[in-house]
Amino acid sequence: MFELFVEALAIGAGVLATLGAGTGIAGWLVVRKVRRSRIIERTRDRGMLAARAYAPDRLTREPARLIGDLNRSSRATHLALSEATAQGRPVGDLPRAAAEIDQAAASLGNLLRAADREPNRALKQEWTADLAAQAGALDELSADLRRCLLQTSRSIDTRQLDQATNRLRTEISAMTIWRDSYGNR
């Protein structure tokens with residue numbers, strides 16, 4: 001009987017050790033995967049950027065606000081391009097121009113992050129002011145690209161509306177002639 005109890009205890013300890021080791025390894029793999037996840041890293045970076053954009057200190061707030069503005073402008077441009085492409089509107093060489101603007105914005109974003117880390121407040125203020133002018137120029141370029149897409153879509157929409165109006169007038173005229181000819185019998 002004692003041998004049976006020791007045998008059951010040994011089997012139970014083996015099963016528990018195996019389950020514990022398996023749980024430990026699975027936990028380690030999950031933690032490793034989460035730490036390396038780019039999605040979580042981007043989310044953390046965006047959260048920190050958003051928090052810094054509302055900091056009471058202007059020298060802390062300004063670089064984060066500029067980076068956020070550049071990111072929003074880039075997203076708006078890509079959304080406008082994808083909508084225009086999905087609707088079959090001509091986009092010409094605008095996607096390549098948008099990619100060049102994105103490259104410049106990424107470079108400027110890196111410079112803004114470096115300016116944000118600058119410990120000398122006077123240099124940080126000077127650097128941020130200089131980069132703010134460049135960020136404004138990039139934002140205006142991006143807005144010009146979106147404005148161009150909007151004007152192109154307006155001209156196409158106007159042409160399509162004119163075609164639909166002409167088609168509708170022709171159909172109304174034809175139906176009126178048909179009604180006058182055949183409908184009053």
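Author: Leaving aside its neighbours within four places in sequence, leucine 70 is in contact with Ala105, Leu108, Gly109, Leu112, Ala135 and Leu138, where contact means heavy atoms within 4.5 Å. The model is a predicted one, in which local features need pLDDT of at least 70 and side-chain atom pairs count only at pLDDT 80 or more, while totals for chains, interfaces and linings use all residues. Residues are numbered from 1 along each chain as its sequence is written, and side-chain values use heavy atoms, with hydrogens and water left out.

Leu70 belongs to the largest nonpolar core, which has 22 residues, and it is listed with Leu81, Leu108, Leu112, Leu138, Leu145 and Leu149 as touching the most other members. A nonpolar core is here a set of buried Ala, Val, Leu, Ile, Met, Phe, Trp, Tyr and Cys residues joined through side-chain atoms within 4.5 Å; buried means under 20% relative accessible area, exposed over 50%, and partly exposed in between, with a 1.4 Å probe and protein chains only. Two or more residues of this core come from each of helix H2 (38-53), helix H3 (58-86), helix H4 (94-117) and helix H5 (121-183). The helices (H or I, at least four residues), like strands (E, at least two), are DSSP runs numbered from the N terminus. In soluble globular proteins, nonpolar side chains tend to be buried together.

The packing of H3 against H4 can be described next. The two helices pack at an angle of about 165°, with their axes 10 Å apart, and that makes H3 roughly antiparallel to H4. Axes are lines fitted to C-alpha atoms, for helices over the stretch in contact, and angles run from 0 to 180 degrees between N-to-C directions; angles under 35 degrees count as roughly parallel, over 145 as roughly antiparallel, 65 to 115 as roughly perpendicular and the rest as oblique. The crossing of H3 and H4 is left-handed, a term for a near helix turned anticlockwise from the far one by less than a right angle, with clockwise giving right-handed. On the H3 side the contact includes Leu59, Thr60, Pro63, Leu66, Leu70 and Leu81, and on the H4 side Leu94, Ala105, Leu108, Gly109, Leu112 and Asp116 are among the residues that make it.

Leucine 59 lies in helix H3 and is buried, with a relative accessible area of 7%; not counting residues up to four places away in sequence, it touches Asp116, Arg121, Lys124 and Gln125. Aspartate 116, in helix H4, also counts as buried, at 18% relative accessibility, and under the same exclusion of residues up to four places away in sequence it touches Arg52, Leu59, Thr60, Pro63 and Lys124. The C-alpha atoms of leucine 59 and leucine 149, which are 90 residues apart along the chain, are separated by 35 Å.

Glu62, Arg65, Asp69 and Arg72 are linked in a network of salt bridges, a salt bridge being a side-chain nitrogen of Lys or Arg within 4 Å of a carboxyl oxygen of Asp or Glu. Arginine 65 meets glutamate 62 at 2.4 Å, N to O, and the two lie three residues apart in helix H3, about one turn of the helix. Arginine 65 also meets aspartate 69, at 2.8 Å, N to O, and these two, four residues apart in helix H3, are likewise separated by about one helical turn. Glutamate 62 is buried, with a relative accessible area of 15%, whereas arginine 65 counts as partly exposed at 33% and aspartate 69 as partly exposed at 27%.

A search of the whole structure finds eight salt bridges, one of which joins arginine 147 to aspartate 144, the closest N and O atoms being 2.4 Å apart. Both of these residues lie in helix H5, three residues apart, about one turn of the helix, and they count as partly exposed, arginine 147 at 40% relative accessibility and aspartate 144 at 37%.
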